[in-house]
Amino acid sequence: MIKKYPNRRLYDTQTSSYITLTDVKQLVLDNEQFTVVDAKTNEDLSRSILLQIILEEEASGVPMFSTDVLAQIIRFYGHAMQGMMGSYLEKNVQAFTDIQRKFTGSAVGGLDGKAFSPEMWTQFMNVQGPMMQGMMNNYIDQSKSLFVQMQEQMQSQSKNLFGTFPFTPGAAPTEKK
């Protein structure tokens, strides 16, 4: 558990030491489970800290998200589709992770079980990148098609459900004199 104090410092209770966001990022990279809580209220601040790490990553180096993508994500907040969008993004990131594992898993076999270093991953992607991009494009196309089908099905169900009511969509009510 990591405690966040009012002075904005993070304290790792396992190592009994103060840590930085860089250290928390390393915990994420190492697949370590952790929770960040407010030292006074015990409120879970894990998401806030993770978003802060993403913000720092986006601000430095090569950003992962374009301005258009960020604007589109913001537009979904408060929209009826917000929950569905979150689930959709989560499933797509998981699919990408699964594809990455599949590629590295088959490639690691030829390396006597050694893990890929960032340099090896770059070399691998130079060779396998186009094929992986093709797989992701196919997945995204399928996902988009399923989303459109689901939307059409929802519209059809709505028409069937509300079609029994005695009103004409788009027609203004007439006043009685």
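Trainee: Does Glu-43 count as buried, partly exposed or exposed, and at what relative accessibility?

Mentor: This is a predicted model, so the answer rests on computed values. The class follows from the relative accessible area: under 20% is buried, over 50% is exposed, and partly exposed is in between. Glu-43 counts as partly exposed because its relative accessibility is 48%.

Trainee: Where does Glu-43 lie, and with which residues is Glu-43 in contact?

Mentor: Glu-43 sits in the loop between strand 4 and helix 2. Leaving aside neighbours within four places in sequence, its contacts are Val-36, Val-37 and Asp-38. A C-alpha separation is a separate reading: Glu-43 and Lys-3 are 40 residues apart along the chain, and their C-alpha atoms are separated by 9.8 Å.

Trainee: Why does Ser-46 count as buried?

Mentor: The cut-off for buried is under 20% relative accessible area. Ser-46 has 12% relative accessibility, so Ser-46 counts as buried. This serine lies in helix 2, and beyond its neighbours within four places in sequence Ser-46 is in contact with Phe-34, Thr-35 and Val-36.

Trainee: Which residues make up the largest nonpolar core?

Mentor: The general idea comes before the case. In soluble globular proteins, nonpolar side chains tend to be buried together. Here the largest nonpolar core has 10 residues in all: Ile-2, Leu-10, Ile-19, Leu-21, Val-24, Phe-34, Val-36, Leu-45, Ile-49 and Ile-53. Helix 1 (21-29) and helix 2 (46-59) each supply at least two residues of this core.

Trainee: With which residues is Ile-2 in contact, leaving aside neighbours within four places in sequence?

Mentor: Among them are the core members Leu-10, Ile-19, Val-24, Phe-34 and Val-36. The list for Ile-2 also includes Tyr-11, Asp-12, Leu-27, Thr-35 and Val-37.

Trainee: How should I read phi, and what is the value near which phi of Arg-8 lies?

Mentor: Most residues other than glycine have a negative phi. Phi of Arg-8 is near 75°, a positive value. Arg-8 is placed in the loop between strand 1 (2-4) and strand 2 (10-12), and counts as exposed because its relative accessibility is 67%. Asn-31 also has a positive phi, near 60°. The loop between helix 1 and strand 4 (36-38) holds Asn-31, which is exposed with a relative accessible area of 66%.

Trainee: What percentage of the residues count as buried, and how much area does the protein expose?

Mentor: Of the 177 residues, 16% count as buried. The protein exposes about 14,200 Å², and carbon and sulfur atoms supply 56% of that area. Sequence range gives another view: among contacts between residues at least 6 apart in sequence, 43% join residues at least 24 apart.

Definitions and conventions:
Residues are numbered from 1 along each chain as its sequence is written. This is a predicted model: local features need pLDDT of at least 70, side-chain atom pairs count only at pLDDT 80 or more; totals for chains, interfaces and linings use all residues. Side-chain values use heavy atoms; hydrogens and water are left out. A nonpolar core is a set of buried Ala, Val, Leu, Ile, Met, Phe, Trp, Tyr and Cys residues joined through side-chain atoms within 4.5 Å. Buried means under 20% relative accessible area, exposed over 50%, partly exposed in between (1.4 Å probe, protein chains only). Helices (H or I, at least four residues) and strands (E, at least two) are DSSP runs, numbered from the N terminus. Contact means heavy atoms within 4.5 Å. Accessible areas come from the Shrake-Rupley method with a 1.4 Å probe; for residues, only the protein chains shown count as cover.
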